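I would like to walk through one structure, slowly, and please keep it in view while I talk.

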Amino acid sequence: QVQLVESGGGLVQAGGSLRLSCAASGSILRINEMGWFRQAPGKQRELVATITTAGTTNYGDSVKGRFTISRDNAANTVNLLMNSLKPEDAAVYFCVAAVLTGMYNYWGKGIQVTVSS
């Protein structure tokens, strides 16, 4: 099993920045891909960004150019730097992990990000 714990959420003004972190523990050697999804009230869950152990990244269209995902394999953490935040970025952000690319077996509990206009 893999446990994922998110941190760093909160309230920020539109145009501001916020950094999310996710710490993984447990059977972490099996993990290839880590990343973030988000879900806003009344909306479907959507991919934000993912990164593989090799450093290959993938971003959702709505965050490209504003968000940056990074990973510290030694520390078993993945970070998401969110710049130029918009009210529509407000959501619960979930850290995810996958043994096989694209198959997100493990999910954190989620952390709230609120963006005021």
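Predicted model: local features only at pLDDT ≥ 70, side-chain atom pairs only at ≥ 80, totals over all residues.

Which residues does threonine 52 touch, not counting residues up to four places away in sequence? Threonine 52 touches Asn32, Glu33 and Arg71, where touching, or contact, means heavy atoms within 4.5 Å.

Residues are numbered from 1 along each chain as its sequence is written, and side-chain values use heavy atoms, with hydrogens and water left out.

Threonine 52 lies in strand β5, which covers residues 46-52; strands here are DSSP runs (E, at least two residues), numbered from the N terminus. Threonine 52 is buried, at a relative accessible area of 13%, and buried means under 20% relative accessible area, computed with a 1.4 Å probe on protein chains only.

Threonine 50 is also placed in β5, and this residue is buried, with a relative accessible area of 1%. Its contacts, leaving out residues up to four places away in sequence, include Met34, Ile69 and Tyr104. The side chains of threonine 50 and glutamate 33 are joined by a polar contact of 2.9 Å, that is, a pair of N or O atoms within 3.5 Å, of which, within protein, one must be able to donate a hydrogen and the other to accept it, and residues adjacent in sequence count only if both atoms are side-chain atoms.

Let me turn to the neighbouring strands in the pairing. β4 and β5 pair in the antiparallel sense over six bridges, and two strands are said to pair if DSSP finds at least two bridges between them. Within that pairing, glycine 35 stands opposite threonine 50. The hairpin of β4 and β5 has six residues between the strands, and there glycine 42 takes a positive phi near 80°.

β4 also pairs with β9, again in the antiparallel sense, over seven bridges, with glutamine 39 opposite valine 92 in β9. Why can β4 be called largely enclosed by the rest of the structure? Six of the seven residues of β4 are buried, so the description follows from that count.

Finally, tyrosine 93 touches, among others, Trp36, Leu80 and Met82, not counting residues up to four places away in sequence. I will stop there and take questions.

Terms used. Helix = DSSP H or I, 4+ residues; strand = E, 2+ residues; numbered from the N terminus. Buried < 20%, exposed > 50% of the residue type's maximum accessible area, 1.4 Å probe, protein only.
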